[in-house]
Each structure stands twice: as structure tokens, then as C-alpha cells.
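Trainee: I've got this one open and want to go through it. Can we start with the terms?

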Amino acid sequence: MNLKDIRKMIGSILDYDPEVATYKAEVNRVVNEVMDDLVGMHPWQWSQSELDQYTMPDVDLGTVSLVNSSVIPINFIPNTANLLTHKHEGSILTITNAADTRDNGEYIIDKVDFDSVNNNTYLSKLAKLPNRLAGWHTSTNEAKATVLQRYLPLPYDCAEPLSIGIRNQPESGTDGYRHFYQLTRRHDEELNLRLDIVGQPTEWIPYSHFPEKVLTVADFPAFSDDLTIAEVATLGTPWPQGIYEFKFCYVWRGQEGPLSEAQEFTVVNPNSNLRFTTRDTTLGLQRGIRKKIYVRLKAVSAGVGVTYSDEHFRDLSATILPDDNYYVMNGFLGSVNIPYVIVDDDLVTFDYPNTTVGLVPVLPYLKSLPRAPDNDGHVWMIRLNPHPSGVVTPLEAILPSPNPPDPEQNIGRSASNAFVGVPIRIRYNKRFYILANDIDTPQMPPDVHRYIVYASCVELFMKHKEEQQALFYQKKTRAELDGVRKRWLTTRAGPYIKAAFNVGPIYGEAFRKLTYKP
């Protein structure tokens, strides 16, 4: 059943289904809440997903300069040999052998900058308040620096990590196969596992946020008033006329924050570009806070007398811009593969699209953009123990290593022997997209849809003070849930036998009877 069919079935049970937009929105909200509760209740077979996610190798920066600046009173070091990329934002950087011992310690990378003016890496101190320091304790001080990825962020749709290991044979080799065992945070603390041990991982520890007391992207709420939209003349492809809604979020240290409230804007002129203006997030000495913009086509012209509408917000950062000054999502330099994300300090105003972009934003292109994530700014992370092997040095970044390490440390190396990361196979319980359009269908088996209907009826009956009806459908909801658990929970294997024989004592009862006892 799609969302419209679910709403019709709920209306037939409640005997109340008015064609009112506010009532439809309320029913849609209840349906999505019930679906979210169901998905998070158990690791259902239909809600599990798998993928390979690659760790990043440590980077030995060698000797770096701890530079002070009267213009930018902030911790930063030059990005030596362009070795660091934007993928290292959120990683840990260790400083040792500094002239002033107060500068030694661990930092978190806020921003890796690439432009004609600055080529710096901006840092915040870990586990120390305030996080921002007014420069180093000595000027132009040389020290040793190493970058490591201590916390591996998981996909945006991960509701809960379930299993992690190495199963990618083409890249890891058969010697790299292994399963990682989960440790709780409590066991990690009791065992006092060291953070600096390097080797092949054997355990993983889940984190729902950065464990250290550092600022995160959630500390910077995105208010809709911080985004200003205006029409400007264009020489390129104009925006289709019609009504749009826009949201934006901040992106910091590789993580997206929650979306702002929607802001409606109407494109009136037939040959207009859109200019987005955001606030300067560097005024509080925070570096690397960028902005992503999402658009919803509310009522857009699709021809003479025809409009197109969509309830989902679409990701404008999927647009590729030929400009080096914008956020390189994949960590590459050059004039291509640069998604549309407004940087924190180079510009706070940018036109979408600029005159060099080709066929956007025509209506078919806007309809093809991916939907916004529904994770509310929350991203799971894990820590691998021991820390994954492999270090990239500036020399290795330029020339392939003629003598790779032993095979145990060569996992994840390319043909040129340059370490590119360990392919970690992750199985997790995933979150589903919200149901917004009438044609949206829950991404679960059809026999689970009845549970969503009955559970939604319970909530709506309670809202209308029909307690007896609510209790009745609560019983039906429990019966449906019992059936869903028997059919779709991952269960242990058990032998099925016939007739009068019983299951052996070590197996317990099979979850589904194939035959009946007399």
C-alpha cells in the first residue's frame, strides 16, 4: 500500500476521512511516527543494509609550523604539500615535540582550506574549554604532526550498527578476512584500551556523538532567517517560474546538522537566477562551517496551465560546479567534481547556477535530485580497536612505495602500493525515508503495512477520545506485531521434524510449526 491507500484504510476504520489538507498532514505525521517506532523496535530482516565503508589511513605530516596570526587568532598549520583533503575534517591531529609543551596534545580538524589566499588546516583543542585558543603559545614554532581517523562516521541512514568486519576479498585479500567484535563503552573503559595501539582491528565501539567535550554541528542551529533568497538576472538557464520552499543545514567536520524551517519563495520573472545569501559563520572564530541548501518544488510551472508539485526536499549540492572555491565533497582538487555547497568564509553569497553551469535548473533536472536525508542531524560513529594500520607520508602521496610493508599491513593498498584505507563491511539497521507524497510506499513487506494502519488508528482514536475503539485496535496491533516478529525477525536455526517427534532439548521450539502434534 502506498501512503494514499494507507490513509484510505485508516479513514474507513475511523469512518472519518475529510478532504482537508491539515487532517491529511496529521494522519501522515502519525503514520510516519508509527513507522519510525516499528523500524527502531527490532533489527528486522527487511530493515538491514550492508555496504563497504573505507577507513582513511593516518597521515604523517612530518614537521609543521604552528603559525600565529594577528588577523586570524586561531590555531592553524599550513597544509603541507596539499596532503590533507576535506575528507580529513573531523579527524584527530596530534602535535608532539612543540617548543612549548602546552601546544602538544590532540586536536580536531575543523577545516582543510584550499584556495589562492589560504592553504591552511584549522584546528580545535580536544577535551579543553574553551575549544578555541587565541593562537599558539609560540610563534612560527616547528612541531611533529600526525593525522588519524579515530572515529569512523557511519552512513546517514544508519539507525543502529549491527555487525562490522572485513569481507571485501578483491581489495583486502583473503588474509584480511576477519570479524570485529562489539565492545560496549563500559567494557572499553574497564579494559582501558589504549587509543594509540596500531594494527589490524579486532573490536569496534559504537558512539552516538563525539565523546570529547568539543563543539559539534548541532551547537549551531540553522534558522530559516539566516538564508536570504533573491531573484537576479541570468545569462544561463533560468529557474522555472513557480512556488518553491527552501531549507538549509550546516556541514561541519564531515557531518550535516539538522535542517532549518522551510522558507517559501516565488520565482516571478521568466529569466531569473536565484541568489542565496547566508550568514558569515567565521565571526565567532569557527572555521569550516559550510551550508547545504535543499529545495522543494511546491507549485512549479510545467507547461501552459500545468504545475508540478513534490512533497520531498531535494539536495542542491548534487549540482557539480566548475569552481575551485567551493567545498570538494569527495576531497579532490581541480575544476570538476565540486558539489554546490557554500563555503564559510570565501563567500556568503552565491548564485545558483552561475553562468558556466549547463542544463540546470530546468524542471527535469530539479526533479532528478536526491531527497534530503531524514536523520535530523544525527550520525552514528564507531571506533576501531586497534587503530587501523597504514600511514601515508608526503613522499608516498607523490611516489608509489617500491617496498610495501608485510602483507598483514598491506590491506587496502592499491596497485601503486599507496594505502587507501581498509574496506570495512558494515551491516546496520537503517532508517527509511518519510512518507510524504501519496505514491510513497513503506520500504517493508506488504504484510507489515497492516500493523502501521492499526497502530495509527490507535493514536487517532485516542486523539478523538474514543478509548474503547483505541483499546480494541490496540489488541489487533499486538496480534499483528506478534505475527511480524515471527515472520521477519532474524532467528536462530532450528531443525524441523515431523509427526510425534519433539525438538531436541538444546534447540527449543521452532518459531514456526511445519506440522501439528496430534
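Mentor: Two strands pair if DSSP finds at least two bridges between them. Strands themselves are DSSP runs of E with at least two residues, helices are runs of H or I with at least four, and both are numbered from the N terminus. As for the source, this is a predicted model, in which local features need pLDDT of at least 70 and side-chain atom pairs count only at pLDDT 80 or more, while totals for chains, interfaces and linings use all residues. Residues are numbered from 1 along each chain as its sequence is written, and side-chain values use heavy atoms, with hydrogens and water left out.

Trainee: How many helices and strands does the protein have?

Mentor: Eight helices and 25 strands.

Trainee: And what share of the residues counts as buried?

Mentor: 47% of the 518 residues. Buried means under 20% relative accessible area, exposed means over 50%, and partly exposed is in between, using a 1.4 Å probe and protein chains only. On contacts, meaning heavy atoms within 4.5 Å: of those with a separation of 6 or more, 72% join residues 24 or more positions apart.

Trainee: Now sheets. What is the strand order in the seven-stranded one?

Mentor: The order is β1-β25-β9-β10-β12-β22-β8, in an open sheet with mixed pairing. β1 (48-54) and β8 (152-153) are the edge strands, each pairing on one side only.

Trainee: Do β10 and β12 run parallel or antiparallel?

Mentor: Parallel: two bridges join β10 (residues 178-182) to β12 (residues 203-207). Opposite Q182 stands W204 of β12.

Trainee: How many bridges between β17 and β21?

Mentor: Four, with β17 (residues 272-278) antiparallel to β21. R275 has D351 in β21 as its bridge partner.

Trainee: Which residues of β21 are on the covered face?

Mentor: F350 and Y352 are on the covered face, whereas T349 and D351 are on the uncovered one. In a regular strand, side chains alternate between the two faces of the sheet.

Trainee: Switching to helices. At what angle do α7 and α8 cross?

Mentor: At roughly 160 degrees, with the axes of α7 (residues 449-463) and α8 (residues 467-488) coming within 8 Å. That makes α7 roughly antiparallel to α8; the cut-offs are under 35 degrees for roughly parallel, over 145 for roughly antiparallel, 65 to 115 for roughly perpendicular, and oblique for the rest.

Trainee: Left-handed or right-handed?

Mentor: The crossing of α7 and α8 is left-handed. That term applies if the near helix is turned anticlockwise from the far one by less than a right angle, and right-handed applies if it is clockwise.

Trainee: Which residues meet there?

Mentor: From α7 they include Y451, Y454, V458 and F461, and from α8 they include A470, Y473, T477 and L481. By class, the contact has nine nonpolar, three polar and four charged residues. Nonpolar covers Ala, Val, Leu, Ile, Met, Phe, Trp, Tyr, Cys and Pro, charged covers Asp, Glu, Lys and Arg, and the others, Gly among them, are polar.

Trainee: Is N97 buried or exposed?

Mentor: N97 is exposed at 57% relative accessible area, in the loop between β4 (92-96) and β5 (105-112). N192 counts as exposed at 60%, and lies in the loop between α4 (185-191) and β11 (198-199).

Trainee: Last one: what does R314 contact?

Mentor: Beyond neighbours within four places in sequence, its contacts include I293, V295, L366 and P370. R314 is in strand β20 (residues 314-315) and is buried at 13% relative accessible area.

Terms used:
Axes are lines fitted to C-alpha atoms, for helices over the stretch in contact, and angles run from 0 to 180 degrees between N-to-C directions.
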